[in-house]
Amino acid sequence: MNGIPIIFPLNSMTEVNKKVRFCLVSLQPPWEGHGKKYRLETNHIEFWATVMGGTCYCGPAFDNDFYNLDYDYFNEFDIVMIALRDELIDVGLKIKKLASPKVVIFLDAEIEHFTCNMRRELQPGMIELLNVADAVAVLHDETIPLLKLLTTKPVGLVGLPFPLERVRKICPPVQKTEEIELGSIMGASWLRNRNGLVNVTALSEIGMPGTVDIWHPVEILYVESMREFVSIPPIRYRGAFGWQDYITEANKSHLGLHLDFRLTWGRFPVDCAGVRMPCVAPSTLYTQKKLFPGLCVAYYDLEHVKELVIRLVSESKFYEETVAYAESQLSFFSPQKTRERLFNLL
Amino acid sequence: MNFCLVSLLPPSYLDGQIFTHEVNQVSQWATVMGGTHYNGVAFDQGFYGLPYEFFDQFDLVMIALRSQLIDVGIKIKRKSNTMLVVFFDAELEHYTTYLDRELQVHFVELLNLADAVAVLHEYQIPVIRAITKKPVGVVGLPFPLKKVREDLCPPVEKERIIDLGSALGKIWSRNGLVNIAVLSETGLPGAADMQDPEELKYLRIMRKYMPIPPIYFRETSYRPFASNDRVELWETYITQVNRSLLGIHLDYRLTWGRFPLDCAAVRMPCVATPHFYTQKILFPDLCVLYQDVDRAAYLVKKLLKDRVFYDHVMSYAESKLPYFAESETKERLLELLS
C-alpha cells in the first residue's frame, strides 16, 4: 500500500488524552505534519500520534538538526514512543539521557530483526536502550519471555491501534469479488518482499484469481515473467494512492492470504477483518492468531492453505462463522483498548 | 560418476582436484562423490581460465545455491550438457524473501531448467514443488561420522558447559542473542565460536544489563574465509565441542541445521527448533519454538538434573545417526536423480 498519508478530522477519542503530551519518534520521513498535532487515521505506526493527541518526528532527521531542536525539547512531552529500528537506537538513548519524559520502546519490526538481522555492534546499544527505557511494547505475546530476559523494565503486548471506525465508514459492506487479496508479492526490494513468492506460489496451487496492491509497476513484470514456469492465475494489480484507496479496494476481495514467516504484529489480517473478510496466514502474525485462529497455518504448508481457502470459498457457513469470530475480537485493536494497554504497561 | 560441486566456498589450490578432506560443510559432497569443486563466482569471472563447456566432462554438477550462483547455474545448464542438481545452500526464507526480486525470477527459471532440486527440510517441499515440475526431495549434507567418532572425538568426561550454535557473529548472527538470553536464564557457562575478537567487547557491554555467564570463545571460525586451513579449523572446532555437555541453537530459519548433528555426533543433546531438519530427526523431545525461551531453559535444566532423560534422548539420537551417514545421503541424491 502506498504510504501517502490521508488527513481526517480529530475524533472525540483524542480529547481524552489532552493531559498526556505524547510524541512518536519513528523513521517516517520528515513532512509538514511533523511537530503538529496528528490527525492521520491509517493502519500505520503514525496512528499512535493521532490516538494520543500528540505529534511525531523523524528520529534521524531530529538527530541531524533538521528541525533545529535540541534533545531537551523532549521535556515538553510526558511520553515519547520510539518506534524502534536500527537507526533509532542512539536517538532513543540520547532522548533518555538528555531529557526526562517517559520513554516507551515500541518494537517496530519482527523479532528476528532485533535478534538476528541487526548488525551486532548495534545490539549492545539496543540492550542498553531496553534497560534505560521505562517500558517495552512488543508486537507478539510469544516474544514477551525473550524480552523479559533482555531487560528488567516492564514488557507487554501493546500493538498498533486500528482505525476501525474510519474503515467502517469508508468501506461499507459490498458484493465481494472472487479474488484473493495477497498481503505481498515481489516487493520493490527485499525489504518490501515479505515472502511474496510464497503467496504467489500458494495462489498458483489454489487456482483462484488474485489481486494485490503493488509499490511499483515493475513488480508486474517480475510476476508475469514467472508465468513461463509457474501456472499463476490471473492477478489484478493495483497501485493505491494512499491508505484509504488501498483499504477501499481491499474491501472488494473475498479473502486475504499472507504466508509471511516473521514473528510480528501483522497489519494485513486486521485490515482483512476490518473489511469483513477472512485471512489465511501464520499465527506468527499476532493479529492472525487473535482474529482468525481457525485459519492459522504454517507458512510453508501449502496443502493446508489450499484446503482452508477451498473451504472458505465453498462453505458459506464456515466463512460467516470465521468472519463473525473476527468481528467479536476486533475491539481488542480499537484505539481505546490499545491506548489502555499502553497506559497499563507504563 | 564424474562429480563437480559449484559453491561459494573460497577458491583454493584444492579446486579442480579430487576432494578427500572430511568436514561438516557443503564441500563434503565433493568428497563423498569422489569429485571436485569450483567456486562459482570465480569460475564465472575466468579465475580458473575455463569455459562453461568444461562442465560437459562431468556426469553430475551440484550447485550449492546462493544468490550469487543463480546465474552461474543457468549458464552451466545452457552452455553444457551435464546433469545439474540444485542444492539449497541456505534457509528457505533466503530464497522467498531476502533474494532480490530480479534474482527470484532467475531462481524460478533455474529450478525449472535443472534436473532435480535438493532441499534441506521436508517442510520446504510443498513450496518448491509448486515452483518447479522437476523432482524435489530432501537430501541434506553428508556427515563425516566415522572420522568424528574414530579419529577426532573419543568419548570424554563432559564439562558443565553449554555450547551455543551462534553468538554475536562477525557482522550479524544466527539469532545468537536468543542463545545468549537462554544461557543467562540457565546460569551455566557457555562456549561458542568467535568470528572475531570484537564479540568479547560487545558481550562486555551487554553484561552491564544482563547476567550473562562466562562464555569461552573458541577462535576456530576466526578466519572463515581462509580456505587452506578450513579442514584444520573444523577439526579443532568439533574436538572442542566434544567437551561440552549439551548444545543450544534457537535459530528461526527453516533449514538443515549443521549444529544439532555436530552435537549428536559428539554424544551430547541439543535444544533447538524443529525448523532445523537435523533437530527434528535427531532430538524430537528437545524441539522448541525459538521464541519459547522458557521451555528452552526448562529443557536445559531437565537435561542437567535428569540423567535418565539425558541418556534417553542421546540413545534416540544415536539410533537416527545412520540417516546422515555419507552412504545414505548419497543414496538419497541418486534416488532423486533416478
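Colleague: Is Arg236(A) buried, exposed or partly exposed?

Modeller: This is a predicted model, and the answer rests on a count of neighbours. Arg236(A) has 14 other C-beta atoms within 10 Å. A residue is buried at 20 or more and exposed at 12 or fewer. Because its count is 14, Arg236(A) is partly exposed.

Colleague: Which residues is Arg236(A) in contact with, leaving aside its neighbours within four places in sequence?

Modeller: Arg236(A) sits in strand S9 of chain A, residues 235-238. Ile180(A) is 56 residues away from Arg236(A) in sequence, with a C-alpha to C-alpha separation of 9.8 Å. With neighbours within four places in sequence left aside, the contacts of Arg236(A) are Glu179(A), Pro209(A) and Thr211(A).

Colleague: How many other C-beta atoms lie within 10 Å of Leu27(A)?

Modeller: Leu27(A) belongs to the loop between strand S1 (22-26) and helix H1 (47-51) of chain A. Leu27(A) is classed as partly exposed, and the number of other C-beta atoms within 10 Å is 17.

Colleague: Is Ile111(A) buried or exposed?

Modeller: Ile111(A) lies in helix H4 of chain A. The cut-off for a buried residue is 20 or more other C-beta atoms within 10 Å. Since Ile111(A) has 25 of them, the class is buried.

Colleague: Which residue of chain B is in contact with Ile111(A)?

Modeller: Leu147(A) is 36 residues from Ile111(A) in sequence and 9.5 Å from it in space, C-alpha to C-alpha. With neighbours within four places in sequence set aside, Ile111(A) is in contact with Thr143(A) and Leu263(A), and in chain B with Gln291(B).

Colleague: How many residues of the side of chain A that touches chain B are nonpolar?

Modeller: In total, 42 residues of chain A are in contact with 42 residues of chain B. On the chain A side, helices H4 (111-117), H5 (123-132), H6 (144-150), H8 (196-206), H9 (218-225) and H13 (302-314) each supply at least two residues. By class, that side has 10 charged, 11 polar and, for the nonpolar residues, 21.

Colleague: At what angle do helix H3 and H5 of chain A cross?

Modeller: Helix H3 of chain A covers residues 89-98, and its axis comes within 9 Å of that of H5(A). Ile89(A), Asp90(A), Gly92(A), Leu93(A) and Lys96(A) of H3(A) meet Gly125(A), Met126(A), Glu128(A), Leu129(A) and Val132(A) of H5(A). The contact divides into 5 nonpolar, 2 polar and 3 charged residues. The crossing is left-handed, at roughly 35°.

Colleague: How far apart are the axes of helix H3 and helix H5 in chain B?

Modeller: H3(B) passes H5(B) in a left-handed crossing. Residues of H3(B) in the contact include Ile70(B), Gly73(B) and Ile74(B), and those of H5(B) include Phe107(B) and Leu110(B). By class the contact holds 6 nonpolar, 2 polar and 3 charged residues. Helices H3 (residues 70-79) and H5 (residues 101-113) pack at about 35°, with an axis separation of 9 Å.

Colleague: How many residues does the largest nonpolar core have?

Modeller: Val25(A), Ile105(A), Ile63(B) and Val86(B) have the most contacts inside this core. The number of residues in the core is 217.

Colleague: What is the radius of gyration of chain A?

Modeller: Chain A has 15 helices and 11 strands, and its C-alpha trace spans about 60 × 45 × 35 Å along the principal axes. For 346 residues the globule rule gives 20 Å, so chain A is as compact as a globular protein of that length, at 20 Å.

Colleague: What percentage of the residues in chain B is buried?

Modeller: Chain B has 15 helices and 11 strands. Its radius of gyration of 20 Å agrees with a compact globule of 338 residues. The buried share of those 338 residues is 52%.

Note on methods:
Residues numbered from 1 in each chain as written. Chains lettered and ligands numbered in written order. Predicted model: local features only at pLDDT ≥ 70, side-chain atom pairs only at ≥ 80, totals over all residues. Contact = placed C-beta atoms within 7 Å. Helix = DSSP H or I, 4+ residues; strand = E, 2+ residues; numbered from the N terminus. Nonpolar A, V, L, I, M, F, W, Y, C, P; charged D, E, K, R; others polar. Axes fitted to C-alpha atoms, helices over the stretch in contact; angles between N-to-C directions. Left-handed = near helix turned anticlockwise from the far one by under 90°. Rg over C-alpha atoms; globule rule 2.2 N^0.38 Å. Core = buried A, V, L, I, M, F, W, Y, C linked by C-beta atoms within 7 Å.
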